[in-house]
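Thanks for coming, everyone. Let's walk through one protein together, and please keep the picture in view while I talk.

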Amino acid sequence: MRKNFGAKPLTYPQPVFIIATYGEDGVPDAMNAAWGGISEHNEISMCLSGNHKTVRNILSRKAFTVSMADAEHVVSCDYVGLVSGHKVPDKFAQAGFHAVKSAFVDAPLIEELAVAVECQLKDYDPDTCILRGEIVNVSVDERVLDADGKVDAAKAAPIIFDPFNNDYLVVGPKVGKAFLDGKKLK
């Protein structure tokens, strides 16, 4: 038997993206967003309403970074989703984040968050709230790399949003090998 929840945005996993920008005054800003993902080979898309200060910054500066929230910084990552940059102009600092200027786009990297996608604005549709960015670079702090230089998911400890229960969950252990395990059924 199945339970119907109706037409709602309830899926697993929903990434917890921390989007960072510089304001017109050069002050870093960040927001938490869960409705997004990779939409093309070098493109990320998100649903962000235009009233966010971060969206206004993106439209002004044409650049942003998208960091993966992690278990160690869950409080800070949740905080930047709870308060508005319009009302708390130093929410980036209040969250305990430190900005490092990206070498690729006019936006800050968040020093505390190890995995980030650096983007230039492709377009934004205010009617649908869909924002698309061209991925210019992916940067990863060496502290989450393994001995072979690959990202160690356990070290990165990315979190996802559980929309059914309003919880954050850590991405779990490896359960298989992509593009290999299914070959057993061929």
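Pro 13 sits in the segment that comes before strand S1, which covers residues 14–15. Now look at the peptide bond between Tyr 12 and Pro 13. It is cis, with omega at about -15°. One caution before we go on: this is a predicted model.

Now step back to the whole chain. How many helices and strands does the protein have? There are 4 helices and 12 strands. Next, the overall dimensions. Along the principal axes, the C-alpha atoms fill a box of roughly 55 × 45 × 30 Å. The radius of gyration is 17 Å. For 186 residues, a compact globule would come near 16 Å, so the protein agrees with that.

The accessible surface comes to about 11,000 Å². Carbon and sulfur atoms hold 55% of that surface. Then there are the contacts. Take those with a separation of 6 or more: 58% of them join residues 24 or more positions apart.

Let me show you one such spot in the fold. Asp 106 lies in the loop between strand S7 (99–101) and strand S8 (108–110). In sequence, Asp 106 and Phe 64 are 42 residues apart, yet their C-alpha atoms are 7.0 Å apart in space. Which residues does Asp 106 touch, leaving out those up to four places away in sequence? They are Tyr 22, Arg 61, Ala 63 and Lys 101. Is Asp 106 buried, exposed or partly exposed? Its relative accessibility is 27%, so Asp 106 counts as partly exposed.

Next, two backbone angles. Lys 62 is in the loop between helix H1 (53–61) and strand S6 (63–68). Its phi is near 65°, a positive value, and this residue is not glycine. Cys 129 also has phi near 65°, again positive in a residue other than glycine. You will find Cys 129 in the loop between strand S9 (115–125) and strand S10 (130–140). Lys 62 is partly exposed, at 47% relative accessible area. Cys 129 has 18%, and the cut-off for buried is under 20%, so Cys 129 is buried.

On to the pockets. Rolling a probe the size of a water molecule over the atoms shows where empty space is left. The largest pocket holds about 460 Å³. Its lining has 27 residues. Which of them lie nearest its centre? Met 31, Asn 32, Ala 33, His 52 and Gly 81. The elements giving two or more residues to this lining are strand S3 (28–33), H1 and helix H2 (74–82). By class, the lining has 13 nonpolar, 10 polar and 4 charged residues.

The second largest pocket has a volume of about 240 Å³. Its lining includes Met 68, Ala 69 and Asp 70.

Another is Asp 106, in its loop between S7 and S8. And then there is the largest pocket, with Met 31 and His 52 among the residues nearest its centre.

Key:
Residues are numbered from 1 along each chain as its sequence is written. This is a predicted model: local features need pLDDT of at least 70, side-chain atom pairs count only at pLDDT 80 or more; totals for chains, interfaces and linings use all residues. Side-chain values use heavy atoms; hydrogens and water are left out. Buried means under 20% relative accessible area, exposed over 50%, partly exposed in between (1.4 Å probe, protein chains only). On a 1 Å grid over the protein atoms alone, a cavity is a set of points where a 1.4 Å probe fits but cannot get out, and a pocket is an open set with protein on both sides within 12 Å along at least five of seven lines; lining residues have an atom within 4 Å of a point. Grid points are joined across faces, edges and corners, and a volume is the space filled by probe spheres set on the points. Ala, Val, Leu, Ile, Met, Phe, Trp, Tyr, Cys and Pro count as nonpolar, Asp, Glu, Lys and Arg as charged, and the others, Gly among them, as polar. The radius of gyration is taken over C-alpha atoms; the globule rule is 2.2 Å times the number of residues to the power 0.38. Contact means heavy atoms within 4.5 Å. Accessible areas come from the Shrake-Rupley method with a 1.4 Å probe; for residues, only the protein chains shown count as cover.
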